[in-house]
Amino acid sequence: MTQPSILITGCSSGIGLATALQLKQRGYRVFAAARKAQDVTTLQTQGLESIQLDVNDTASMKQALDTILTLTGGTLDALFNNAGYLQAGAIEDLTRDAERAQFETNVFGPMELIRLVLPIMRKQGHGRIIQNSSILGVITLPYYGAYNASKFALEGFSNTLRQELRGTNIYVSIINPGPIKSQLRSNAYQRYKNTLAQQPSLHTEIYTRMEQVYFTPGEADTHLMLKPDAVAKKVIHALESKRPRAHYYIGLPAQTLAFVKRLLPDRALDWILNKIR
Ligand SMILES: NC(=O)c1ccc[n+]([C@@H]2O[C@H](COP(=O)([O-])OP(=O)(O)OC[C@H]3O[C@@H](n4cnc5c(N)ncnc54)[C@H](OP(=O)(O)O)[C@@H]3O)[C@@H](O)[C@H]2O)c1
């Protein structure tokens, strides 16, 4: 059997990096993409085949795929759309630019990359597409509106795509992690400092609390977070199972919230979610 190949976006840290390393160890040919040249070099020194790819840049995605196809002889078995970031802030404080940027990376990038890989998958007669959403693609939390909206959009188009690809031997799975140890929060903190922190707000008190608790979690909070390997395990299931699931909820908080959402009316759910923000 030939070595299965996979392209993973956003491998400079966190879930992408952990998944790339696990899949390589498992025998996959992993194309571990990162958007910064220095991260590509670091990944190469870790023994990964790394490639530069910025999901905000069509030319960069096309170039990365051309390189991959040259290396594999024209095939790509799987895509893990993992790259993403979190723009925090109350909806009344966000700007159109910040919202647009959030959607460029978390929604339009993955959508376009799928359109680029689908002809390859259709031609070879099989494929797996795995989307890194979040539990925040299922439930909402106050002050995460832009991120929530982007992950809900990702869910929407991924569900549609799964329906459109029925019977093609190309499967679409959505991963919904709860809190995972990664650079997500420190990267979100940088974004917040460059955007909302620069302007006056009615929500300053909440933001100060976010700075102390969410962006820079202490031992007690990180203790409750899963390692990114937990996500890699589910990615392996989505790649190798004969019947990959449509959704993989990762960790007890994500599983519980997804379950509770199905049971409770909106008002009751809001009451709970306002408590855990
Ligand atoms: N950590 C969690 O609790 C959690 C929970 C649910 C879902 N997720 C999702 O998991 C995915 C991975 O996040 P993570 O937790 O591993 O965080 P992370 O450590 O911050 O990793 C995010 C990755 O995405 C990359 N990225 C950002 N913008 C990009 C762009 N325009 N083009 C290409 N790559 C880009 C980052 O690259 P740079 O280093 O260059 O910025 C980084 O490699 C995200 O989609 C996130 O929404 C995370």
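Reply: The crossing of α3 and α4 is right-handed, a term used if the near helix is turned clockwise from the far one by less than a right angle. The model is predicted, with local features needing pLDDT of at least 70 and side-chain atom pairs counting only at pLDDT 80 or more, while totals for chains, interfaces and linings use all residues. Residues are numbered from 1 along each chain, and side-chain values use heavy atoms, without hydrogens and water.

Me: Why are α3 and α4 called roughly parallel?

Reply: Helix α3 (residues 58–72) and α4 pack at an angle of about 30°, where angles run from 0 to 180 degrees between N-to-C directions of lines fitted to C-alpha atoms. Angles under 35 degrees count as roughly parallel, so α3 and α4 get that label. Their axes are 11 Å apart.

Me: Which residues make that contact?

Reply: Contact means heavy atoms within 4.5 Å. Among the residues in contact are Met61, Leu65 and Leu69 of α3 and Leu113, Leu116 and Ile120 of α4.

Me: What makes α4 roughly parallel to α5?

Reply: Helix α4 (residues 96–124) and helix α5 (residues 145–164) pack at about 20°, with their axes 8 Å apart. That angle makes α4 roughly parallel to α5. α4 passes α5 in a right-handed crossing. The contact includes Phe103, Met111 and Leu118 of α4 and Tyr147, Lys151 and Phe157 of α5.

Me: How do the residues of the contact of α4 with α5 divide into nonpolar, polar and charged?

Reply: There are 13 nonpolar, three polar and one charged. Ala, Val, Leu, Ile, Met, Phe, Trp, Tyr, Cys and Pro count as nonpolar, Asp, Glu, Lys and Arg as charged, and the others, Gly among them, as polar.

Me: Why is α10 called roughly antiparallel to α11?

Reply: Helix α10 (residues 252–263) and helix α11 (residues 266–276) pack at about 155°, with axes 10 Å apart. Angles over 145 degrees count as roughly antiparallel, so α10 and α11 qualify. Their contact has six nonpolar, no polar and one charged residues.

Notes:
Helix = DSSP H or I, 4+ residues; strand = E, 2+ residues; numbered from the N terminus. Parallel < 35°, antiparallel > 145°, perpendicular 65-115°, else oblique.
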